[in-house]
Amino acid sequence: MAEMTPSGGGFSQLDQEVQAFDRLLPELLRDHPGQYVAILEGQVLDTDADYEVLVTRFYKKYGKVVACIRKVEGPGEDLVVATPFPAR
């Protein structure tokens, strides 16, 4: 699992996770509409209706990894990316 560092390839990993979200979107809309999903290594590993609950649980379980955490909504909605790293 890639960590989000400039030299660790984290940004390309994030792109891959976002692409996985887009690929899975039809299934996600059917199974988890309006919920937040956490995608890691192309797979949905956790879901929750509450963003903060999901982020806390996910990073507690998986540590500082690059993941896509987004709300399952139709195309054109804002992208929200969560990270356990402090703002600079």
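Which residue in β3 is the bridge partner of I39? In this predicted model, local features need pLDDT of at least 70 and side-chain atom pairs count only at pLDDT 80 or more, while totals for chains, interfaces and linings use all residues. Residues are numbered from 1 along each chain as its sequence is written, and side-chain values use heavy atoms, with hydrogens and water left out.

The answer to the opening question is C68. That pair belongs to a set of four bridges joining β1 to β3, and the two strands run antiparallel. Zooming out, the protein has two helices and three strands, laid out along the sequence as α-β-β-α-β. Helices here are DSSP runs of H or I with at least four residues, strands are runs of E with at least two, and both are numbered from the N terminus.

The three strands make an open sheet in the order β2-β1-β3, with antiparallel pairing; two strands pair if DSSP finds at least two bridges between them. β2 and β3 (68-71) sit at the edges, each pairing on one side only. From one strand to the next, the twist averages 25°. Helix α2 packs on this sheet and touches β1, β2 and β3, and its direction makes about 135° with that of β2. For such angles, axes are lines fitted to C-alpha atoms, for helices over the stretch in contact, and the values run from 0 to 180 degrees between N-to-C directions.

On to what is tucked inside. Of the 88 residues, 34% count as buried, meaning under 20% relative accessible area, with exposed set at over 50% and partly exposed in between (1.4 Å probe, protein chains only). The largest nonpolar core has twelve residues, including F21, L24, I39 and C68. A nonpolar core is a set of buried Ala, Val, Leu, Ile, Met, Phe, Trp, Tyr and Cys residues joined through side-chain atoms within 4.5 Å. Both α1 and β1 (36-40) supply at least two residues each to this core, and α1 gives the most, with seven. Apart from it lies another core, of eleven residues, among them L40, Y51, L54 and F58. Back in the twelve-residue core, L24 touches I39, G42 and V44, leaving aside residues up to four places away in sequence. Contact means heavy atoms within 4.5 Å. Among contacts in the protein with a separation of 6 or more, 47% come from residues 24 or more positions apart.

E41, in the loop between β1 and β2, counts as exposed because its relative accessibility is 52%.

E27, in helix α1 (residues 10-31), counts as partly exposed because its relative accessibility is 42%. E27 and V72 are 45 residues apart in sequence and 10.0 Å apart in space, C-alpha to C-alpha. D50 is found in the loop between β2 (43-48) and α2 (51-62), and at 37% relative accessibility it counts as partly exposed too. A polar atom of the D50 side chain lies 2.9 Å from the backbone nitrogen of V53.

Note on methods. A polar contact is a pair of N or O atoms within 3.5 Å; within protein, one must be able to donate a hydrogen and the other to accept it, and residues adjacent in sequence count only if both atoms are side-chain atoms.
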